[in-house]
Each structure stands twice: as structure tokens, then as C-alpha cells.
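I opened this model to look up its charged side-chain pairs and one of its pockets. My notes follow in the order in which I checked things.

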Amino acid sequence: MRIADLAGASEQDRRNAYHQSMLRYVGCNADTDILSATFGDEIALRQDLVGLDMGNRAELGRVFVQAFKRLYYDLDPAAQAKAIEAGMSQAIAVARPVLTAHCEVAQRIGERLGLSDEIRRNLGQIYERWDGKGLPRGLSGEDVLPAVRLITLAQDVIALSDAVGIDGMAETIASRADGPYEAELARLVSANASALMEGIGATVDRETILALEPDPPVTLDEAACDEAFLAIADMIDMRMPFTQGHSRMVAELAEGAGRQMGLPATDVRALRWSGCIHDIGELVVPVATWMRNGPLSVRERDAAQLHAYYGERALASFGHEGGPMAALVLRHHERLDGSGYHRKVGGSDLSPAARILAVAEAFQTSREERPHRKALSSEAAATQLRAAVREGCICPDAAEAVLSFAGQPSRRPAPRSLAGMTPREIEVLRLIAAGLTAKEVARKLDISPKTADHHIQNVYSKVGVTTRAAAALYAVEHGLVRPGETQA
């Protein structure tokens with residue numbers, strides 16, 4: 001946005017650049033398994049490519065050779081040289097359709113999000129260059145849209161500054177004028193490099209980013225947010241063929257089970273959305289780890305198990321609104337007996353919603369094929385889940401709710417909502433546990449004080465207490481109140 005301001009870009013170009021900067025890589029999980037199979041660690045490869053002049057075949061070739069050396073590190077020198085030669089012969093043939101797929105998928109997601117035609121065209125040009133040496137169509141000059149030119153340059157400015165310092169960046173950017181970048185724009189950035197980079201290394205938070213959006217800001221209603229979370233789910237899952245549709249199904253199971261257990265609407269929504277994005281932390285782990293047809297090394301296993309932590313950290317950018325989802329994503333592999341990961345907490349740390357998400361994820365995953373095992377039928381997956389219940393790993397009520405929603409015959413009475421409370425009464429319990437008075441509860445829930453007081457008395461009666469403090473203790477004991485997990 002600083003470059004756009006310096007260049008005097010129009011309001012529409014600034015708006016397009018803002019959204020292009022956020023969404024540029026939304027399609028870049030497409031065919032990642034193919035990229036990994038050819039080049040090895042795709043995350044390391046992408047790091048090596050950042051800031052590179054992709055039109056320079058010699059520089060590109062050096063990066064590819066480096067990737068193949070990582071991939072074939074365990075071969076003897078002669079065999080490694082032969083493998084690298086074979087890899088180089090097919091590198092471009094593999095990379096070209098993969099990069100084309102990134103553009104097409106990004107455009108498709110942009111269409112689902114209801115973005116403008118112009119922003120979707122931008123997403124189809126993410127690898128195009130001013131000199132026509134880009135992909136997928138080899139566009140050049142003014143045919144490359146303004147937002148694409150701005151973002152391509154901005155990304156390289158950041159990468160080169162990190163690699164060679166601001167002065168080195170300015171020199172390199174100037175040398176690439178009329179190559180990857182429009183000459184006038186490159187010279188402008190080079191001449192103003194220090195001012196552009198002032199304070200750029202400071203922590204960038206959610207408020208900083210939102211403040212950059214040109215007026216009027218774009219917002220989504222709940223239905224549009226649902227579609228956005230489904231788009232994120234598909235973006236996560238397209239990394240590997242065997243995970244396609246996984247997050248959608250987890251979200252559906254978790255939401256349905258939450259309704260069956262009588263959870264409040266806010267919890268059900270958090271389950272739906274966290275189900276969509278529960279595996280977002282997997283994106284920091286190389287695909288080869290997930291594709292392994294055999295046991296993982298200790299290092300690989302540790303990295304894989306930390307994906308719940310990485311997912312929680314990714315959701316920190318949502319601010320307060322993301323707290324309930326972040327808490328669920330962090331716990332989606334935890335177990336009642338502490339045998340889960342990565343924090344290895346027990347049942348006292350797992351809210352009803354967290355228990356449901358863990359069950360939904362376990363049940364759905366067992367029904368999907370993985371490189372090291374075949375998929376189970378729904379019946380066999382249900383048997384496996386019930387065995388985990390008997391072993392004390394899985395919450396029986398959460399398991400029954402998930403299995404019942406999935407159409408499996410019930411082996412026990414359907415779980416009742418906590419203490420027979422309605423979803424609204426659970427919300428009231430949380431609010432009074434957080435210290436709100438009856439009047440404050442009424443304002444929070446947009447109901448009359450008389451109705452709020454009626455709900456409070458019902459809660460006391462069902463929980464079997466007569467004071468707010470005792471009700472608060474009950475809420476804590478049953479995982480209904482935990483910082484970051486409730487709207488209260």
C-alpha cells in the first residue's frame with residue numbers, strides 16, 4: 001500500500017492491491033503433492049524462490065539443483081548426479097501446469113467469495129511479469145494488471161531487503177526494471193527504498209492490516225463467512241488427494257453433534273467454523289511428511305503433532321472473535337486421558353465443544369484412506385471410536401452425538417444437554433459465571449431483565465445451586481468457562 005500511495009495509484013487500484021496482497025496465494029496448495037513428489041520439500045523450495053528473478057533461467061536452475069540435492073541427499077555422488085539430471089529434465093514440465101492450477105484455483109475461490117471480476121482477474125495473473133516471461137499466459141506490459149505489478153514488486157522488496165539489506169534491495173530492484181517490474185515503478189521504489197522500508201519490520205497486527213484497507217471496508221455477513229470458511233477448508237485440503245473434502249466433513253459432523261448435545265448457537269457456529277479450519281496448521285509441515293508410507297522419524301512426528309499449535313497461532317490474527325475457534329483448533333487432537341497431542345492435557349481442559357471436535361476429526365479421518373493404511377467403513381470406524389470410549393480416551397457423550405448424527409445405530413441413550421439446560425440457559429450460565437448481573441445479562445442477550453432473571457433462576461434450579469459463585473464453579477468444572485473459548 002505504501003508503494004501504491006507513492007505511485008499515485010487510483011482508489012480502485014489501491015483496493016485491488018489490498019485484496020490481492022491478502023489472497024495472492026489462496027490457490028497455491030493445488031497439486032502440492034505433485035510439486036513435493038518432484039522437488040521434495042516444497043516449503044524449502046518456495047522459500048528459495050522468494051525474491052528470485054524467475055525469468056533468469058540460470059538462477060532458477062540453481063534453485064532447482066539445490067532442491068534436488070535435498071531430495072536425493074542419501075544417494076552416492078554418481079547416483080545423485082544422475083537423479084538430479086533426470087529431475088532437471090522434467091522440472092519445468094512439472095512446474096508449469098502446477099503454477100497454472102494455482103491461478104485457476106485462486107480465481108475459483110475468488111468467485112465463491114463473491115469478489116469482483118477485476119480482483120478475480122488479478123488472481124489469475126499471480127505469476128505474470130512485465131517482460132512477458134511469466135506464467136501461465138506470458139502476458140506483458142499493460143496487459144499485466146496494476147495490482148499484480150504492485151504486489152509482485154512489493155513481495156520482492158520485502159524478500160530482498162531481508163536477504164541483502166535495503167541498499168542491496170534498491171540496487172537489485174533497479175537492475176530488474178523492464179524485467180519482472182514496470183521500469184517506472186522499479187525506479188520509484190529504488191529511489192525511495194529507505195522511506196518505504198521505515199518501520200516495516202515492526203510487528204504487524206490485525207488492526208494495522210485492517211487500517212490499510214481503502215474506504216469503504218468490505219464486510220461479510222454470517223452466510224458469506226460460512227462460504228469463506230468452506231473456501232479455507234478446501235484450500236487446506238487440496239494439498240493432497242486423500243484429504244479432499246476432509247475438513248468439510250469434520251465441520252458437518254461437529255456442527256450436527258453440537259446441535260444434538262444442545263450447545264448454544266455460538267458454540268455450534270464455533271464448531272462449524274473451527275471444523276473447517278482445524279488443519280490449517282498442517283500447511284507449515286512439508287507434504288512429504290503427510291505422504292509418508294511408513295513410520296515417521298522423531299523429528300517428523302514432532303513437527304506433525306505441532307500442527308494444532310500452528311493452527312491456533314494462525315487464528316490469533318482473527319483477534320478476539322477468533323478466540324473460540326483458536327481454542328478448539330488447539331485441542332482437536334487432545335484426549336480425555338491425556339494421551340493426545342500436542343499439549344497432552346486431560347478432560348478437565350476440554351470443553352464439550354472441544355470434545356466434539358476431537359471425536360468428529362477422529363471418526364472422519366478413520367473413514368479416509370491414508371498412504372500407510374486403508375479407509376475404514378463407517379461401521380468399522382464407529383466400532384473403533386467406541387473402543388476408544390471404553391479405554392477412556394474419548395468422551396462417550398460426544399462420541400454418541402457424532403455417531404448418531406452420522407447415521408450410526410445408537411448403543412446408548414442420546415446425550416442430554418448439560419443438566420438439562422437449554423442452549424440459552426447455557427449462555428446465561430456462562431455470563432453469570434463471568435460476573436455479569438441479571439441486567440447486564442439482559443443487555444448482552446438483548447432480552448428483558450425479567451426474562452434474564454427467569455433464565456438465571458432456571459439455571460440455578462437445574463444445576464442445583466442458589467448462588468452465582470456456585471454456578472460459576474459448576475461452569476468451570478464442566479468446561480463451559482475458559483478464557484478464549486466462550487463469547488463471555
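Entry 1. I began with the exposure of Glu 111 in this predicted model. Glu 111 has a relative accessible area of 42%, so I logged this residue as partly exposed. I then looked up its salt-bridge partner, Arg 108, and found 3.5 Å between the closest N and O atoms. Arg 108 is likewise partly exposed, at 47%. Both residues belong to helix α6, which runs over residues 77-112. They sit three residues apart, or about one turn of the helix.

Entry 2. How many salt bridges does the structure hold? I noted 32, and picked two further pairs to follow up.

Entry 3. I took Asp 234 and Arg 248, a salt bridge whose closest N and O atoms are 2.9 Å apart. Is Asp 234 buried or exposed? I have Asp 234 down as buried, because its relative accessibility of 15% is under the 20% cut-off. Arg 248 comes out as partly exposed, with 34%.

Entry 4. Next I checked Asp 349 and Arg 331, where the salt bridge has its closest N and O atoms 2.8 Å apart. Both partners lie in the loop between α18 (323-330) and α19 (352-366), so the pair ties together parts that are 18 residues apart in sequence. I recorded both as buried: Asp 349 has a relative accessible area of 16%, and Arg 331 one of 8%. I then searched for salt bridges with shared partners, and found one network that joins Glu 222, Asp 226, Glu 255, Arg 259, Arg 269 and Arg 272.

Entry 5. I turned to the second largest pocket and read off a volume of about 1000 Å³. Its lining counts 37 residues, and those closest to the centre are His 333, Tyr 341, Thr 365, His 372 and Arg 373. Which helix gives the largest share of this lining? I found α19, with five residues. At least two lining residues come from each of α15 (287-291), α16 (298-305), α19 and α20 (378-390). Sorted by class, I have 14 nonpolar, 13 polar and 10 charged residues in the lining of this pocket.

Definitions and conventions
Residues are numbered from 1 along each chain as its sequence is written. This is a predicted model: local features need pLDDT of at least 70, side-chain atom pairs count only at pLDDT 80 or more; totals for chains, interfaces and linings use all residues. Side-chain values use heavy atoms; hydrogens and water are left out. A salt bridge is a side-chain nitrogen of Lys or Arg within 4 Å of a carboxyl oxygen of Asp or Glu. Helices (H or I, at least four residues) and strands (E, at least two) are DSSP runs, numbered from the N terminus. Buried means under 20% relative accessible area, exposed over 50%, partly exposed in between (1.4 Å probe, protein chains only). On a 1 Å grid over the protein atoms alone, a cavity is a set of points where a 1.4 Å probe fits but cannot get out, and a pocket is an open set with protein on both sides within 12 Å along at least five of seven lines; lining residues have an atom within 4 Å of a point. Grid points are joined across faces, edges and corners, and a volume is the space filled by probe spheres set on the points. Ala, Val, Leu, Ile, Met, Phe, Trp, Tyr, Cys and Pro count as nonpolar, Asp, Glu, Lys and Arg as charged, and the others, Gly among them, as polar.
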